[in-house]
Amino acid sequence: MGPRPRVNHALLCAAAALVLLSACRGSDERRAPTGAPSAAPAPRPDQLAPGELAEGTVDAFGLKLPRAMTVTAQFPDAFFARGSLRAEDVATYVKERVVAERVESAPPKTIFHGATAKSAPAPARVLGIEVLKRDDHTEIVVRDVTRPPAKDGLTEEERWRELGLTPQGQPLDPTKLE
């Protein structure tokens, strides 16, 4: 018997690993289902999911209104807007952007009581928000219901007088009812 040839074990192991790797890749491709139904692809980061509304530029007391809504009236304490959107989608949009003390929901409307916008700077305004379903559109009403701070140094009687009332809650001047 002659001398045994020297075997490079490291080279042999590397070659075997390459053969196994290519075999595994090929078998994965062959096992992939062809024509099997696939789940709906997730939306790209720059696309909205079904029913999701894009944020607009109109700021109603810290709450950005949905982009597809148009302001129909604006007052110092209220915004009124409308759009051809589903009321459920608008209510979900609002729910994601506010913290509310209470939410009432019924088929034609959703009301957010004592809401504050999550993105509003402190101190946040207290809002009353209504999402109303109409025949061919949806309306949103955002009201600033923040109470003004009480004046310091007033007696209880002076506070009532500031409101135009007696301490018993009666109007000071019954001819000037608001």
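**A chat about the fold and Arg-134**

Q: How much of the chain is buried?
A: Buried residues make up 23% of the 178 residues. Keep in mind that this is a predicted model.

Q: What pattern does the chain follow along the sequence?
A: Reading along the sequence gives α-β-β-β-β-α-β-β-β-β-β-α.

Q: What share of the contacts comes from residues 24 or more positions apart?
A: They account for 33%, counting contacts in the chain with a separation of 6 or more.

Q: Switching to E6 and E7. Do they run parallel or antiparallel?
A: Antiparallel. Strand E6 covers residues 102-106 and strand E7 covers residues 109-117. Five bridges join them.

Q: How many residues sit between them?
A: Two, and the pair forms a hairpin.

Q: Which residue in E7 stands opposite Ser-105?
A: Thr-110.

Q: Now Arg-134. Where is it?
A: Arg-134 is in a loop. Strand E8 (127-133) lies on one side of that loop and strand E9 (138-144) on the other.

Q: Why is Arg-134 classed as partly exposed?
A: Because its relative accessible area is 37%. Partly exposed lies between the buried cut-off, under 20%, and the exposed one, over 50%.

Q: How far is Arg-134 from Ala-87, in sequence and in space?
A: Arg-134 and Ala-87 are 47 residues apart in sequence. In space they are 8.6 Å apart, C-alpha to C-alpha.

Technical notes: Residues numbered from 1 in each chain as written. Predicted model: local features only at pLDDT ≥ 70, side-chain atom pairs only at ≥ 80, totals over all residues. Heavy atoms only, no water. Helix = DSSP H or I, 4+ residues; strand = E, 2+ residues; numbered from the N terminus. Buried < 20%, exposed > 50% of the residue type's maximum accessible area, 1.4 Å probe, protein only. Pairing = 2+ DSSP bridges. Contact = heavy atoms within 4.5 Å.
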